[in-house]
2 protein chains.
Amino acid sequence: MSRSMERIPKPSYLARCAVLAMALEVSGTPKPGNIDRDHDYPDTKYEDFLAAAIGVYPILERACREGGIGELILDSSEESVMWQSGGNTHFGAFILLFPLIKAASVNPHGIQDAAISITRETTIEDAVDFYRAFSKVQVKMKGSDDLDASDERSIDEIRRRGLTLFDIMEISAKNDMVAREWVNGFTRSFQSADMIAERRISGTLNDAIVLTYLELLANEPDTFVVKKYDLEKALYVQGLAIDVLERRMTLNELSRRLYSEKINPGSSADIMIAGIFIALSRGMRV
Amino acid sequence: MSRSMERIPKPSYLARCAVLAMALEVSGTPKPGNIDRDHDYPDTKYEDFLAAAIGVYPILERACREGGIGELILDSSEESVMWQSGGNTHFGAFILLFPLIKAASVNPHGIQDAAISITRETTIEDAVDFYRAFSKVQVKMKGSDDLDASDERSIDEIRRRGLTLFDIMEISAKNDMVAREWVNGFTRSFQSADMIAERRISGTLNDAIVLTYLELLANEPDTFVVKKYDLEKALYVQGLAIDVLERRMTLNELSRRLYSEKINPGSSADIMIAGIFIALSRGMRV
């Protein structure tokens, strides 16, 4: 396709791929436990995710030209809540999308290497902006050891210790799959991209998204579930996903269970968004 | 809300409202007969509409700054098919959205008057570009009397007779609800905007969209259905919609019938998009 042949993709092209990745991820159904086109939660609905995804377009486009990763995460967190009433929708996804979109805009044929460099070049200011975003969206995260997200003192502490955003992600990686992507070179995101694109060739895009999500669940315990509940609950979800892949349980049964128990594996959804974005930016079509 | 208070809305704000309007319209379910989040047709699926809506973002943004209505419809028709595999998705919607988005960008507190002026100021070149778009998306329209859409001779004829795009819409208005909006000052679009915004106050956005769509169906025969089938079929749909509003039939029963009979009232969906856009640009939140 002509657009994937362009040497340097236009910012508007990559920004549309990123918005579309968020829209397709939340539309994929049934995506057990997470909000999808047929499943809302009491405080957040499907349309909130669509509106937030579209609302951050200008910040995604700007990311291809300028702006630190921390500042971009902060701005998009603020902008996304202006467009809907469901609160934080894409915080984890932004952590992955901004390095990836910047990478795709400078090196479309080596996105992974470029993203690794970009994350390693983040600064203390990126870390400070990230923490500001963190406290605003009120993400409850127990991961980052002695740094309390919602505490202004933490920002002084970041400066005192000279921590970059990459350092923060290294500290968080143990307990957070999204942070782990920064440290492990976006391995899961690129694996997901390959799986989605491959499955898209012979099946529907929805099936490609749902099956890849299921494999993510089966591969490792979702750290969002660990934080919201505990490791036991996350291992329970992982076990059920394996049961579905090995045909001991239907997808619909898994779906019914996770929704009724309000278990939403949000970090796996974030990685799915990164994977869909990579696949779209390489030319996959809807 | 602060964004609705701005004197001159930013192009990026209005373009996001337009993309979101298209995304919300196609998501509204059940929207009997038309593609929605739970209903695909064999050749076109829900995701095609999402991708097309997001894909035309840059042209919507450009519309706030420059570009003739005909050229914008042509460019967006071409761009929208680059992002998905469902063919023409939003041709009728573009005919309404471009005058409205231009109007909102110059006069946010008098969108209707501005849109009326903008349509009346269209040129012969707008008409020519519109016909080019028309033949590309292969919309089959019998309405415009002696002008055959897919015929290059028609373009010579447009120039010879000195027809503007407004003239074309006047000719088509008799048989086309979308063209009629241009001639009647976007009456149905603004009525829909008011109904959606009012219903949104006390109910869900989805219900507001579905009920307003139902009223559009009940108000007059959908001209897309007339063109695809005949007037009798369109009157049949209108009668059923009245039955639902007067509680002689359930919404789900109407839905089952129209989907199984493959009757898609596409012009009413176009007007819904215009209505949702107007409501969003005035500050309605998701």
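1. A:Asp243 counts as partly exposed, at 21% relative accessibility. In this predicted model, A:Asp243 makes a salt bridge with A:Arg248, and the closest N and O atoms are 2.7 Å apart.

2. B:Glu253 and B:Arg257 form a salt bridge in which the closest N and O atoms are 3.3 Å apart. Both residues belong to helix H16 (residues 251–260) of chain B, where they are four residues apart, about one turn of the helix. B:Glu253 is partly exposed, with a relative accessible area of 26%. B:Arg257 is also partly exposed, its relative accessible area being 28%.

3. Some salt bridges share partners: A:Arg62, A:Glu71 and A:Asp75 are joined in this way into one network. Over all chains, the search of the whole structure finds 40 salt bridges.

4. Which salt bridge joins A:Glu47 to the other chain? The side chain of A:Glu47 meets that of B:Arg37, at 2.8 Å from N to O. This pair crosses between chains: A:Glu47 is in helix H3 (residues 46–55) of chain A, whereas B:Arg37 is in the loop between H2 and H3 of chain B. A:Glu47 and B:Arg37 are both buried.

5. A:Arg37 and B:Glu47 also form a salt bridge, with the closest N and O atoms 2.9 Å apart. Across the interface of chain B and chain A, four salt bridges are found by the rule. The rule also finds 14 residue pairs in polar contact across this interface, counting pairs with both residues at pLDDT 80 or more.

6. The side of chain B that touches chain A draws at least two residues from each of helix H1 (2–5), helix H2 (11–27), helix H3 (46–55), helix H4 (57–63) and helix H5 (69–82) of chain B. H2(B) supplies the largest share, nine residues. By class, the residues on this side of chain B are 16 nonpolar, seven polar and ten charged.

7. As for the extent of the interface, 33 residues of chain B are in contact with 33 residues of chain A. The two chains bury about 2,900 Å² between them, and 60% of that area is on carbon and sulfur atoms.

8. How many disulfides does the structure hold over all chains? The count is zero. A:Cys64 is in no disulfide, and the nearest cysteine sulfur, that of A:Cys17, is 9.7 Å away. A:Cys64 is buried, with a relative accessible area of 14%.

9. B:Cys17 is buried, at a relative accessible area of 0%.

Technical notes
Residues numbered from 1 in each chain as written. Chains lettered and ligands numbered in written order. Predicted model: local features only at pLDDT ≥ 70, side-chain atom pairs only at ≥ 80, totals over all residues. Heavy atoms only, no water. Disulfide = S-S within 2.5 Å. Buried < 20%, exposed > 50% of the residue type's maximum accessible area, 1.4 Å probe, protein only. Contact = heavy atoms within 4.5 Å. Buried area = accessible area lost by both parts, 1.4 Å probe. Polar contact = N/O pair within 3.5 Å; in protein donor to acceptor, adjacent residues only side chain to side chain. Nonpolar A, V, L, I, M, F, W, Y, C, P; charged D, E, K, R; others polar.
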